[in-house]
Amino acid sequence: AASIRFYERLLGVDPDKRRDDYVRFSVTEPPLNLSLTVDNRGVRFAGHLGIQVKSSDQVDAMIDRIRGAGIEVATEEQQACC
């Protein structure tokens with residue numbers, strides 16, 4: 001439940017599919033399909049997630065939305081990924 005609330009605030013959308021052991025968020029912009037599942041021990045996590053956007057302005061807008069939800073944000077500037 002805590003993870004669902006976190007991703008609702010982070011992504012700004014409600015899950016579009018939900019079961020006892022599964023929840024899916026589908027985001028139009030930036031395009032993202034995020035699924036959270038629980039294994040038979042009750043544990044499942046993602047080690048790294050990335051969201052690709054087309055401009056720095058979109059990154060800044062997402063950071064503002066996340067901070068507005070009370071979530072701490074750390075940034076790394078001028079980094080190459082992947």
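## Confidence

Confidence in this protein is lowest in β3, with a mean of 80, and highest in β1, at 89. The score here is pLDDT, the predictor's confidence in each residue, from 0 to 100. Across the protein the average pLDDT is 79, and 79% of the residues score at least 70.

This is a predicted model, in which local features need pLDDT of at least 70 and side-chain atom pairs count only at pLDDT 80 or more, while totals for chains, interfaces and linings use all residues. Residues are numbered from 1 along each chain as its sequence is written, and side-chain values use heavy atoms, with hydrogens and water left out.

## The sheet

Let's turn to the strands. Helices (H or I, at least four residues) and strands (E, at least two) are DSSP runs, numbered from the N terminus. An open sheet of 3 strands has the order β1-β2-β3, with antiparallel pairing; two strands count as paired if DSSP finds at least two bridges between them. β1 and β3 are the edge strands, each pairing on one side only. From one strand to the next, the twist averages 10°.

β1 and β2 pair over 3 bridges and form a hairpin with 2 residues between them. β2 and β3 are joined by 6 bridges, and their hairpin has 4 residues between the strands.

## Helix α1

Helix α1 covers residues 2-11, and its buried residues (under 20% relative accessible area, 1.4 Å probe, protein chains only) are Ile4, Tyr7, Leu10 and Leu11. Seen down the axis of α1, these residues fall within an arc of 130°, so they line one face of the helix. The arc is taken from the directions between the helix axis and the C-beta atoms.

That buried set packs against β1 (17-19), β2 (22-27), β3 (32-37) and α2 (56-68), where contact means heavy atoms within 4.5 Å. α1 lies across β1, β2 and β3, and runs at about 0° to β2. Angles run from 0 to 180 degrees between N-to-C directions, using axes fitted to C-alpha atoms, for helices over the stretch in contact. After α1 comes glycine 12, with a positive phi near 75°.

## The nonpolar core

A nonpolar core is a set of buried Ala, Val, Leu, Ile, Met, Phe, Trp, Tyr and Cys residues joined through side-chain atoms within 4.5 Å. The largest one has 14 residues, and among those with the most contacts inside it are Tyr7, Phe25, Leu34 and Ile66. α1, β2, β3 and α2 each supply at least two residues of this core, and α1 gives the most, with 4 residues.

Conventions. Buried means under 20% relative accessible area, exposed over 50%, partly exposed in between (1.4 Å probe, protein chains only).
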